[in-house]
Amino acid sequence: MFERPRMTKLDLVRYYDRVASAMMPHVGGRPLTLVRCGSGVAAGCMYMKHSKVWAPPALTRISVREKTKIGEYLVIETPEAIVALAQMDIVEIHTWNTRKEKIEYPDRIVIDLDPGDAIEWPTVVEAARLVRRLLHTLDLEGFVKTTGGRGLHVVIPLEPRHDWQACLAFARAVAAALVRHDPDRFTTTFGKRGRERQILVDYLRNNRTNTSVAAFSTRARAGAPVSVPVSWSEVTERLRPEAFTAATVPARLERQRKDPWAEYFTMKQRLPAKAVAALEGV
DNA sequence: GCTGCTA
DNA sequence: TAGCAGCAACGCAGT
DNA sequence: ACTGCG
């Protein structure tokens with residue numbers, strides 16, 4: 001399926017088999033959008049949103065009311081289902097930020113930091129830490145993960161009680177606050193020109209129908225690392241280890257250093273009342 | 001990858 | 001029966 | 001309206 005390094009479908013099966021159980025909590029029970037590369041990655045890939053097409057029996061299906069019609073989506077309920085996706089030539093696994101039980105109420109918001117070409121990695125890390133600090137002022141916790149590309153996601157675990165519009169409004173407010181805080185560094189403008197030196201805060205990815213929040217993806221194409229929750233030791237390694245020793249790490253981060261995502265799945269956060277208004281003052 | 005039509 | 005074509009997303013923003 | 005983008 002891949003050239004250089006050569007990777008076959010069997011390799012993909014082995015890989016999914018190895019990571020499936022770790023992936024389950026992130027991708028299970030959610031509507032999927034998949035990237036399929038049927039004739040090898042070089043030949044081009046297709047997005048698969050609805051599940052009208054064939055899928056291995058290990059995948060389950062759900063119907064979701066959409067604007068105009070009812071869409072049928074594939075859902076992962078077991079690790080076997082993940083491995084089965086390899087049989088479908090699925091190379092990227094994207095999920096909604098809602099679980100099937102509460103399809104209109106996201107259980108996470110993702111703040112996507114998408115650096116321009118001239119932005120160095122440490123700057124992205126710094127930005128992610130800034131986002132976390134911003135969230136802390138609202139008594140919210142955020143978890144950092146790699147994206148498979150050059151950026152980072154700050155994931156905010158939520159109790160599924162705010163509809164996606166409320167989540168979108170919140171994400172917009174966070175983005176706006178970041179831009180206000182440092183207009184030279186942050187932008188919400190999509191246009192490529194002029195943002196080489198800026199970090200795009202991409203809040204659109206929180207839209208209900210959005211497909212782009214990949215908890216995991218196999219971006220072997222780009223030679224990028226596989227997207228998994230990143231550990232702080234990993235981040236600091238790439239940052240400047242000597243400048244970020246345990247002595248300088250706040251207790252809160254120190255706790256995360258051990259297992260950054262340990263608390264993630266137990267955390268049931270609510271957006272503070274008037275969170276959007278509160279952010280306007282930041 | 002699968003289905004369904006055609007040679 | 002072998003082979004081929006068609007199929008498999010979407011919405012925002014910028015120009 | 002069309003294109004780029006993720």
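Predicted model: local features only at pLDDT ≥ 70, side-chain atom pairs only at ≥ 80, totals over all residues.
Residues are numbered from 1 along each chain as its sequence is written, chains are lettered from A and ligands numbered from 1 in the order in which they are written, and side-chain values use heavy atoms, with hydrogens and water left out. Chain A has 282 residues, and 49% of them count as buried; buried means under 20% relative accessible area, exposed over 50%, and partly exposed in between, with a 1.4 Å probe and protein chains only.

**Fold of chain A**

- You'll find 7 helices and 11 strands in chain A; these are DSSP runs numbered from the N terminus, with helices (H or I) of at least four residues and strands (E) of at least two.
- Among the contacts in chain A with a separation of 6 or more, 69% are between residues 24 or more positions apart (contact means heavy atoms within 4.5 Å).
- Carbon and sulfur atoms make up 53% of the accessible surface of chain A, which is about 13800 Å² (Shrake-Rupley method, 1.4 Å probe; for residues, only the protein chains shown count as cover).

**DNA strand B**

- Lys-9, Arg-36, Trp-54, Gln-87 and Asp-89 surround DNA strand B; a residue is near a strand if one of its heavy atoms lies within 4 Å of it.
- By type, the residues near DNA strand B are 1 nonpolar, 1 polar and 3 charged (Ala, Val, Leu, Ile, Met, Phe, Trp, Tyr, Cys and Pro count as nonpolar, Asp, Glu, Lys and Arg as charged, and the others, Gly among them, as polar).
- Sugar or phosphate supplies 67% of the atoms of DNA strand B within 4 Å of the protein, and bases supply the rest.
- Arg-36 puts a polar side-chain atom 2.7 Å from a base nitrogen of DNA strand B.

**DNA strand C**

- There are 11 residues around DNA strand C, and Arg-36, Met-46, Lys-49, His-50 and Val-53 come nearest.
- Here, sugar and phosphate account for 44% of the DNA strand C atoms within 4 Å of the protein.
- The residues near DNA strand C split into 4 nonpolar, 4 polar and 3 charged.
- Arg-36 turns up again, with a polar side-chain atom 3.0 Å from a base nitrogen of DNA strand C.

**Aromatic pairs**

- The count is 6 aromatic pairs, where rings of Phe, Tyr and Trp (its six-membered ring) pair if their centres lie within 6.5 Å, with planes under 30 degrees apart stacked, over 60 edge-to-face and the rest tilted.
- Tyr-73 and Trp-96 are edge-to-face, because their ring centres are 5.2 Å apart and their planes are at 70°.
- Tyr-73 is in strand S4 (residues 70-75) and Trp-96 in the loop between strand S5 (90-95) and strand S6 (108-115), so this pair ties together parts 23 residues apart in sequence.
- Both Tyr-73 and Trp-96 are buried.
- Phe-143 and Trp-261 have ring centres 5.8 Å apart and planes at 55°, so they count as tilted.
- That pair links distant parts of the chain, 118 residues apart: Phe-143 is in strand S7 (residues 143-146), and Trp-261 is in the loop between helix H6 (251-258) and helix H7 (275-280).

**Positive phi**

- Most residues other than glycine have a negative phi.
- Asp-89 has a positive phi of about 65°, lies in the loop between helix H2 (79-87) and S5, and is buried at 7% relative accessibility.
- Lys-274 has a positive phi of about 60°, lies in the loop between H6 and H7, and is exposed at 68%.

Terms used
Polar contact = N/O pair within 3.5 Å; in protein donor to acceptor, adjacent residues only side chain to side chain.
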